[in-house]
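Trainee: Please take a close look at a single part of this model. I would like one residue placed in its surroundings, with the cut-offs stated.

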Amino acid sequence: MKQPAFRLEPVLRLRRTEERTAALAAAQAAQQATEAAERAERAAVALTSRALPAHPSGGAFIAAMVASAAAAADVSAARALALAQAEQAELVRARWTAAAQRTKALERLRERHVSALQTAADAAEARAIDDLVTGAHSTRTTEEEETWTD
């Protein structure tokens with residue numbers, strides 16, 4: 001006898017696909033956040049290693065200060081970008097977590113379905129065995145009674 005299928009199986013497959021997609025997106029977002037933080041750190045290290053020319057003229061000094069200010073602005077922008085990337089990665093990770101929870105809920109429903117089917121099958125088997133044993137016993141009892149009365 002064919003067991004009834006879990007009616008939400010297509011939804012479960014879709015949820016598993018959504019979860020895998022969300023996991024990949026979370027991994028990619030985390031990687032991008034890490035790379036942005038590393039770029040910001042490299043820019044900060046490069047800024048601290050800047051030095052003024054040994055014998056600066058007025059124009060060279062002003063140019064060096066403008067370049068340093070621009071580099072500092074770049075570092076600030078890189079750090080802001082790294083922070084934004086980290087926040088974005090956290091949001092994507094939260095979506096992945098939500099997708100995993102939805103998938104897990106359906107998996108629990110499927111497990112209950114399979115368990116209920118197994119319980120029903122076990123009960124049917126037990127009834128069939130009881131019927132066989134009871135039938136065999138009643139046949140034996142009838143045969144014994146007939147021979148006893150002879």
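Mentor: Take Ala 36, which is buried because its relative accessible area is 2%; buried means under 20%, exposed over 50%, and partly exposed in between, with a 1.4 Å probe and protein chains only. The model is a predicted one, in which local features need pLDDT of at least 70, side-chain atom pairs count only at pLDDT 80 or more, and totals for chains, interfaces and linings use all residues. Residues are numbered from 1 along each chain as its sequence is written, and side-chain values use heavy atoms, with hydrogens and water left out.

Ala 36 sits in helix 1; helices are DSSP runs of H or I with at least four residues, numbered from the N terminus. Setting aside neighbours within four places in sequence, Ala 36 is in contact (heavy atoms within 4.5 Å) with Ala 78, Ala 82 and Gln 85. Ala 78 is 42 residues from Ala 36 in sequence, yet their C-alpha atoms are 7.1 Å apart.

For another buried position, turn to Thr 103 in helix 2, with a relative accessible area of 1%. Beyond four places in sequence, Thr 103 is in contact with Leu 12, Arg 15, Arg 16 and Glu 19. The Thr 103 side chain also reaches two backbone oxygens, that of Arg 15 at 3.1 Å and that of Ala 99 at 3.0 Å.

Leu 52, by contrast, counts as partly exposed because its relative accessibility is 45%. Leu 52 is in the loop between helix 1 (9-48) and helix 2 (58-149).

Conventions: Helix = DSSP H or I, 4+ residues; strand = E, 2+ residues; numbered from the N terminus. Polar contact = N/O pair within 3.5 Å; in protein donor to acceptor, adjacent residues only side chain to side chain.
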